[in-house]
Amino acid sequence: MPRLYLLRHAKARWAEPGQRDFDRSLDPSGVADARRLGTYLQESESRPERIAASSSTRTRETVAALGDLFAKGDVAYLDSLYEATAVQALDIVRKQAGDGDLMIVGHNPVMEDLATALVGADAAALKAGFPTCGLAVIAFDVALSAAEPGTGTLELFWTPAGVK
């Protein structure tokens, strides 16, 4: 069963005067949360083969804080994920899908909207929202390149506060 890992970037600092939203960096608690998630993924031996991430500063820093989970060539930074809608993000998933599992690192509301759409009736765990550094792991009976709304099964919803 191929899996899609949808990760909202970790907690970011507020923008400095004159700073673009795109350039906001993680705050210390965001770095700590992403490191905890990286440790969790290493210990559970449940991790994707590839990452496609928004090219914003905070998503790049989130990927870096996950640790040595991925080879450098297995991470693609895409400008198109920064302001993507859920429909556009699903198209990116389909295009980035390879033979194995894929992680998308992006922003809300897109991560929450996409996760909710993909799992359909199985979205109860997501009703309370999708916090920063929240990770939804969704399994499919078909290749990720053929993923459609309502066809995924939510296997795990990890948050900095714990697994749901």
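**Figure 1. Contacts of Asp 33 in the predicted model.** Contact, meaning heavy atoms within 4.5 Å, links Asp 33 to Cys 133, Trp 158 and Pro 160, leaving aside its neighbours within four places in sequence. Asp 33 belongs to helix α1 (residues 28-44); helices (H or I, at least four residues) and strands (E, at least two) are DSSP runs, numbered from the N terminus. With a relative accessible area of 13%, Asp 33 is buried (buried means under 20% relative accessible area, exposed over 50%, partly exposed in between; 1.4 Å probe, protein chains only). The model is predicted: local features need pLDDT of at least 70, side-chain atom pairs count only at pLDDT 80 or more, and totals for chains, interfaces and linings use all residues. Residues are numbered from 1 along each chain as its sequence is written, and side-chain values use heavy atoms, with hydrogens and water left out.

**Figure 2. Packing of helix α3 with helix α4.** The axes of α3 (residues 86-96) and α4 (residues 110-119) are 9 Å apart and form an angle of about 70°; axes are lines fitted to C-alpha atoms, for helices over the stretch in contact, and angles run from 0 to 180 degrees between N-to-C directions. That angle makes α3 roughly perpendicular to α4, a term for 65 to 115 degrees. From α3, Ala 86, Ala 89, Leu 90 and Val 93 make the contact; from α4, Val 110, Asp 113, Leu 114 and Leu 118 do.

**Figure 3. The buried face of helix α2.** In α2 (residues 57-65), the buried residues are Arg 58, Thr 59, Thr 62, Val 63 and Ala 65. They line one face of the helix, because seen down the axis they fall within an arc of 165°, the arc being that of the directions from the helix axis to the C-beta atoms. These residues pack against β1 (3-8), α1, β2 (50-54), β3 (75-78) and β4 (102-106).

**Figure 4. Strands β5 and β6 in the open sheet.** The sheet has 7 strands in the order β3-β2-β4-β1-β5-β6-β7, with mixed pairing; two strands pair if DSSP finds at least two bridges between them. Its edge strands are β3 and β7 (162-163), each pairing on one side only. Strands β5 (residues 135-139) and β6 (residues 153-159) run antiparallel and are joined by 5 bridges. Val 137 stands opposite Leu 156 in β6.

How values were computed. Angles under 35 degrees count as roughly parallel, over 145 as roughly antiparallel, 65 to 115 as roughly perpendicular and the rest as oblique.
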